[in-house]
Amino acid sequence: MIAEAAGLIHGIRRNGGRVLVLTGAGVSTESGIPDFRSHGTGLWETRDPTEVLSLRVLEERPQRFYAEGFRLLMDMRSAEPNGAHRVLARMEAEGYIQGIITQNIDNLHHRAGSRRVWEVHGNTRDAVCVACGRVGPVEEIEEAVARGEIPPRCRVCGGRIRPAVVLFGDPMPHAFTEALQAVKGADLLVVVGSSLSVYPVAYLPEEAKQYIIINLSPTALDYRARLVIREKASVALEGIYTALVKLGGLG
Ligand code: NAD
């Protein structure tokens, strides 16, 4: 399977085609960040993320949002990139892939060195003012929460500031529209570590000419995938990269 995936990517790139990657929470579990749906460790086992990470709770029960949801987001920030993030950055630098669409908000693709990353569910780096649109570092929120200022206020206009993460109930950001345009007509989408159960992202694979899935458990879109690799993200991607290098450069 790994050799077949490498052969597919190599053939497409040799002919000047486009290969994109779509990642989900499963690409970061090896960095110690729990995903939502894995049995035993998924965040869903202990609380309902659609509740604590929802626009409704942010707006109607901000004390709860900042005590639970925001804490969950900030806890991700101590994680380090793993082998899967690193090999994806290398694959981009060497021309095997043209970019990564990620549902993750943990910043680990950037920190691993990936350059073209569409963060379609936002990020945990920034704070944004809902009144004037000013973007600042998320530490502004952390500091305000630490001094009991809930909801946190914009230091310029006094409006409410919030994390630049797409919460359940939020509209999709511009990055999603860009990602959709990029995927349309892509020759291959490599989906890694996503249950493909969060929409509208789960529509993306079928916008590409074909897709392969690397995931530890079955997904709703396995049946139409060109290949399904039931393996850890780091193991599968490192295997694919090694096989690509053996097939020879793209030049
Ligand atoms: P999900 O939890 O629904 O699915 C993750 C999938 O990854 C599961 O099917 C699981 O079997 C698989 N998986 C787990 N570890 C793996 C590994 N090492 N290798 C290969 N597969 C592995 O995640 P989702 O589809 O991304 O949807 C969840 C939503 O929650 C997303 O919108 C995302 O924004 C958010 N989220 C983000 C993070 C993060 O930023 N790291 C963490 C949790 C949730």
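Student: Which residues do ring pairs link into a cluster?

Tutor: Rings of Phe, Tyr and Trp (its six-membered ring) pair if their centres lie within 6.5 Å, and planes under 30 degrees apart count as stacked, over 60 as edge-to-face and the rest as tilted. Here ring pairs join F65, Y66 and F70 into a cluster, and a search of the whole structure finds four aromatic pairs. In one of them, the ring centres of Y66 and F70 are 5.3 Å apart with planes at 65°, so this pair is edge-to-face. This is a predicted model, in which local features need pLDDT of at least 70 and side-chain atom pairs count only at pLDDT 80 or more, whereas totals for chains, interfaces and linings use all residues. Residues are numbered from 1 along each chain as its sequence is written, and side-chain values use heavy atoms, with hydrogens and water left out.

Student: Are Y66 and F70 buried or exposed?

Tutor: Buried means under 20% relative accessible area, exposed over 50%, and partly exposed in between (1.4 Å probe, protein chains only). Both Y66 and F70 are buried.

Student: How are the planes of Y96 and Y241 arranged?

Tutor: Their planes stand at 85° with the ring centres 6.4 Å apart, so the pair of Y96 and Y241 is edge-to-face. Y96 is buried, with a relative accessible area of 4%, and Y241 is buried too, at 12%.

Student: Which charged end sits over the ring of Y241?

Tutor: A charge sits over a ring if NZ of Lys or CZ of Arg is within 6 Å of the ring centre and within 35 degrees of the ring normal. In this model the charged end of R90 sits over the Y241 ring, 5.1 Å from its centre.
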